[in-house]
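Subject: Structure for you to look at

Hello,

Here is the structure I said I would pass on. Please open it first and keep it beside you while you read the notes below.

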Amino acid sequence: MNGERAQGRVVRLGRFAGVTVASETDRVAAAADLLRGRTWVALTGAGISTDSGIPDYRGPTSVRATPMQFSEFTGSAEAQRRYWARSYQGWRRIGQAQPNAGHRALAALERPGRLTGIVTQNVDGLHQAAGSRSVINLHGDIAMVVCLDCGARTSRLETQRRLAALNPDVPPPTRLEHAELRPDGDAVVESWSDFVLADCTECGGRLKPDVVFFGESVPRDRVDQAYASVDAADVLVVLGSSLTVMSGLRFVRHSAKAGRPVVIITRGPTRGDELATVKLEAGCSETLAALVAAIG
């Protein structure tokens, strides 16, 4: 696959597009040509939710931060207290986020012969809120809470109510800036040492948002479902992911190895760029709108 630079943008000579796509309009047209008449599955990352007010981890404007590792969370009550104090505050914004035009476009495209499913690395639930039905939450669902000791799952809203009752003196945040909030709802909080944890109502065990932490493995059955979804489609379209972690990159490598075209739409470079048939360095919402119009 050949590559060159035009107007400061990444340009690809796609194996399936058959032409060098130089302008943004040409790149959208090349992507539309790949999708027209083919089935496709979307692999989405944090970049598709930025228009909903949820910052991403590694985008061009994101502030570098070190998220809590799974081993750290499980290793001490102090770490759990710090995490929950931050997550309690961050949920007040994450829980109010609404689907944006990109989420709605994917929901509209989910029909026979077009978009067959979504594999998302996001935990915000916005694809389902927009009306998408075939969604695999690769990294879990932040709207749910799981007990690490007995496996019981409960609503995040109920846990928030319990935490509010246990911590009546914790004031609501006046405003959470971009650098103070992360895609998993982890907000920056100055004081957390006195934060009171909520225990599992079933066994009194340790509670954790039902999401995959860094350093934690994605459940095998969920990975298998994602591979099956990718294999059942003709094209893989990556939306808003830097593909920095293997959790998402493996599906790009898998599709490319199988000889299926890969379209990557995101701002900035990704680890999968050399495997892309077409790469568009652009925002998800506006590019999906252009693709909808182009595909017809």
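The chain has nine helices and 11 strands. Helices (H or I, at least four residues) and strands (E, at least two) are DSSP runs, numbered from the N terminus.

Before the details, some ground rules. This is a predicted model, in which local features need pLDDT of at least 70 and side-chain atom pairs count only at pLDDT 80 or more, while totals for chains, interfaces and linings use all residues. Residues are numbered from 1 along each chain as its sequence is written, and side-chain values use heavy atoms, with hydrogens and water left out.

The chain as a whole

Of the 296 residues in the chain, 50% are buried. Buried means under 20% relative accessible area, exposed means over 50%, and partly exposed is in between (1.4 Å probe, protein chains only). The chain exposes about 13,200 Å², and carbon and sulfur atoms supply 49% of that area. These areas come from the Shrake-Rupley method with a 1.4 Å probe; for residues, only the protein chains shown count as cover. Among contacts between residues at least 6 apart in sequence, 70% join residues at least 24 apart. A contact means heavy atoms within 4.5 Å.

Helix 7 runs over residues 220-231 and has 12 residues. From its first C-alpha to its last it reaches 16 Å, close to the 16 Å expected at 1.5 Å a residue. The expected span is 1.5 Å times one less than the number of residues.

Which residues of helix 7 are buried? They are Val 223, Ala 226, Ser 229 and Val 230. Seen down the axis of helix 7, these fall within an arc of 120 degrees, so they line one face of the helix. The arc is that of the directions from the helix axis to the C-beta atoms. An α-helix has 3.6 residues a turn, so residues three or four places apart point the same way. The face of helix 7 turned away from the buried side carries the exposed residues Arg 220 and Asp 221. The buried residues of helix 7 pack against strand 3 (40-44), strand 4 (115-120), strand 5 (135-137), strand 9 (235-239) and helix 8 (246-257).

Helix 8 also has 12 residues, and it reaches 15 Å, close to the 16 Å expected. Its buried residues include Leu 249, Phe 251 and Val 252. What covers the buried residues of helix 8 includes strand 3, helix 7, strand 9 and strand 10 (262-265). Helix 8 is followed by Gly 259, whose phi is positive, near 85 degrees.

Leu 243 lies in the loop between strand 9 and helix 8. The phi of Leu 243 is near 55 degrees, a positive value in a residue other than glycine. Leu 243 counts as buried, at 1% relative accessibility.

Helix 6

In helix 6 (residues 156-166), the buried residues are Arg 156, Thr 159, Gln 160 and Leu 163. They cover an arc of only 100 degrees around the axis, which puts them on the same side of helix 6. On the other side, Arg 161 and Ala 165 are exposed. The buried residues of helix 6 pack against helix 3 (77-94), strand 6, strand 7 (153-155) and strand 8 (207-211).

Ser 155 caps the N-terminal end of helix 6, with a side-chain oxygen 3.1 Å from the backbone nitrogen of Leu 157. This is a polar contact, a pair of N or O atoms within 3.5 Å; within protein, one must be able to donate a hydrogen and the other to accept it, and residues adjacent in sequence count only if both atoms are side-chain atoms.

Single residues

Asp 141 is in strand 6 (residues 140-147). Is Asp 141 buried or partly exposed? At 24% relative accessibility, Asp 141 counts as partly exposed. Asp 141 and Asp 210 are 69 residues apart in sequence and 5.7 Å apart in space, C-alpha to C-alpha. A polar atom of the Asp 141 side chain lies 2.9 Å from the backbone nitrogen of Ala 143.

The structure holds zero disulfides, a disulfide being a pair of cysteine sulfur atoms within 2.5 Å. For Cys 147, the nearest cysteine sulfur is that of Cys 203, 3.6 Å away. Cys 147 is buried at 2% relative accessibility.

Regards
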